Amino acid sequence: MSSPQTQRFATVLLDQGIDKPLDYLVDAKIASHIAVGSRVLVPLQKSERKGTVIALKNASSISKIQPIFKLLSKTSLISPNLFKLAQWMSKYYACSLRKAFKMLFPASIRKETQAKEQLFIKRLY
């Protein structure tokens, strides 16, 4: 494990479940690729949940922090302006930041969806 001086932490807002952001340890393998707005897969109790990184920091107030399982997007999927818009929506409409993010991300990013497939039947006679 790396020394406390080089550890980085990500504040992650989960897609489902908890409205409160949670802190996770950023593994050295993904540290150079992770950014605010990146999509990640993180542990939550006995399950894995998808979420969005809303902040990166060098310290956390929590002692036992679990690491991020997987980086789902190597680039930020939300621009700084859209991030500010989500924060404004959350305050103005008195909703959670999670619900504001849900409006900004299309369903194909939030969930695992595949491209639609059309099947055709060909008449042989």
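Predicted model: local features only at pLDDT ≥ 70, side-chain atom pairs only at ≥ 80, totals over all residues.
**Notebook: cavity, sheet and covering helix**

I number residues from 1 along each chain as its sequence is written, and side-chain values use heavy atoms, with hydrogens and water left out.

**Entry 1: the cavity.** For a cavity I took a set of points, on a 1 Å grid over the protein atoms alone, where a 1.4 Å probe fits but cannot get out; lining residues have an atom within 4 Å of a point. Grid points are joined across faces, edges and corners, and the volume is the space filled by probe spheres set on the points. The largest cavity has a volume of about 80 Å³. I listed 10 lining residues, of which Asp 15, Thr 52, Arg 98, Phe 101 and Lys 102 lie nearest the centre. S1 and H2 each supply at least two residues of this lining, and H2 gives the most, with 3 residues.

**Entry 2: the elements.** I counted 3 helices and 5 strands, taken as DSSP runs numbered from the N terminus (helices H or I, at least four residues; strands E, at least two). Along the sequence they follow the pattern β-β-β-β-β-α-α-α.

**Entry 3: the sheet.** I read an open sheet of 5 strands in the order S2-S1-S4-S3-S5, with antiparallel pairing; two strands pair if DSSP finds at least two bridges between them. Strand S2 (22-26) and strand S5 (70-71) are the edge strands, each pairing on one side only. I then followed S1 (residues 8-14), which 6 bridges join to the antiparallel S4 (residues 47-57). Phe 9 has Lys 57 as its bridge partner in S4, and Leu 14 has Gly 51 there. S1 also pairs with S2 in the antiparallel sense, over 5 bridges; one of the partners in S2 is Val 26, for Arg 8.

**Entry 4: cover.** I noted that 6 of the 7 residues of S1 are buried, meaning under 20% relative accessible area (1.4 Å probe, protein chains only). Over the 125 residues of the protein, 34% count as buried.

Entry 5: I took a contact as heavy atoms within 4.5 Å. Of the contacts in the protein with a separation of 6 or more, 61% join residues 24 or more positions apart.

Note on methods
Buried < 20%, exposed > 50% of the residue type's maximum accessible area, 1.4 Å probe, protein only. 1 Å grid on protein atoms, 1.4 Å probe; cavity = no way out; pocket = protein on both sides within 12 Å on 5 of 7 lines; lining within 4 Å.
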